[in-house]
Amino acid sequence: MVWRRKNEELNPKNLVGTVTYGGRGVLVWGCMSASGLGNLVFFDGIMNHALYLNILKDNLKLSAKNLGIGNNFFYQDNDPMHTVLNVRLWCLYNCPQNLKTPPQSPDLNPIEHIWRELEVRVRKHDIKTKRELKTVMVEEWMNIDAEITKKTSEIYSQTLKSCCGC
């Protein structure tokens, strides 16, 4: 949520930059539910729809099974790689109840809160290499308690209801 005056939405003091690819860090995919976190997957290069589809095939169902949830519901934002035909068809067949919202919208995307939690935890470490970064990320990912994902999911559910007028 952002508080600002009318017509100040593009004022630099009200903007937070994001990087959607590359950089000096590592690239990851992860998933969550109210009952906990799923797999954390590292990948190289730029995410495209083929890589994204392979990650879904290899990790989404396994994560859902490990979390004790069904695979009939799946949430993703409207990032262009999520809306490519082969990804949409796979999701339709494997996760028929697919909820979509705008890309990079933390108020409507619960995992953005988990990514922030992971970032805060990782920044507490003195990391020198990408290998160390990956190790710390996995350790901290595993240490994010299910209570955090439960609370995040509850807040997201309330936000979604207020946005939809339900």
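A salt bridge is a side-chain nitrogen of Lys or Arg within 4 Å of a carboxyl oxygen of Asp or Glu. The exercises below use a predicted model, in which local features need pLDDT of at least 70, side-chain atom pairs count only at pLDDT 80 or more, and totals for chains, interfaces and linings use all residues. Residues are numbered from 1 along each chain as its sequence is written, and side-chain values use heavy atoms, with hydrogens and water left out.

**Exercise 1.** Find the partner of Lys128 in a salt bridge and state how exposed the two residues are.

Solution. Step 1: the partner is Asp126, and the closest N and O atoms are 2.9 Å apart. Step 2: exposure is judged by relative accessible area, where buried means under 20%, exposed over 50%, and partly exposed in between (1.4 Å probe, protein chains only). Step 3: Lys128 has 63% relative accessibility and counts as exposed; Asp126, at 60%, is also exposed. Step 4: a search of the whole structure gives 5 salt bridges.

**Exercise 2.** Trace the network of salt bridges that contains Glu119.

Solution. Step 1: Arg116 pairs with Glu119, with 3.5 Å between the closest N and O atoms. Step 2: these two residues are 3 apart in helix α3 (residues 110-122), and therefore about one helical turn separates them. Helices (H or I, at least four residues) and strands (E, at least two) are DSSP runs, numbered from the N terminus. Step 3: Glu119 also meets the side chain of Arg123 in a salt bridge of 3.0 Å, N to O. Step 5: Glu119 is partly exposed at 33% relative accessibility, whereas Arg123 is exposed, with a relative accessible area of 65%.

**Exercise 3.** Decide whether Arg121 is buried or exposed, and list its contacts.

Solution. Step 1: Arg121 lies in helix α3. Step 2: its relative accessibility is 17%, so Arg121 counts as buried. Step 3: with contact taken as heavy atoms within 4.5 Å, and neighbours within four places in sequence left aside, Arg121 is in contact with Glu140, Asn143, Ile144 and Ile148.

**Exercise 4.** Sort residues of helix α2 by side.

Solution. Step 1: the buried residues of α2 are Val87, Trp90, Cys91 and Asn94. Step 2: these cover an arc of only 95 degrees around the axis, so they are on the same side of α2; the arc is that of the directions from the helix axis to the C-beta atoms. Step 3: Leu92 and Tyr93 are exposed on the other side of α2.

**Exercise 5.** Describe the largest nonpolar core.

Solution. Step 1: a nonpolar core is a set of buried Ala, Val, Leu, Ile, Met, Phe, Trp, Tyr and Cys residues joined through side-chain atoms within 4.5 Å. Step 2: the largest has 16 residues, and Trp29, Tyr52, Leu56 and Trp90 have the most contacts inside it. Step 3: two or more residues come from each of β1 (27-33), β2 (36-43), α1 (49-66) and α2. Step 4: α1 gives the most to this core, with 5 residues. Step 5: apart from this core lies another, of 12 residues, including Leu37, Leu118, Leu133 and Met137.
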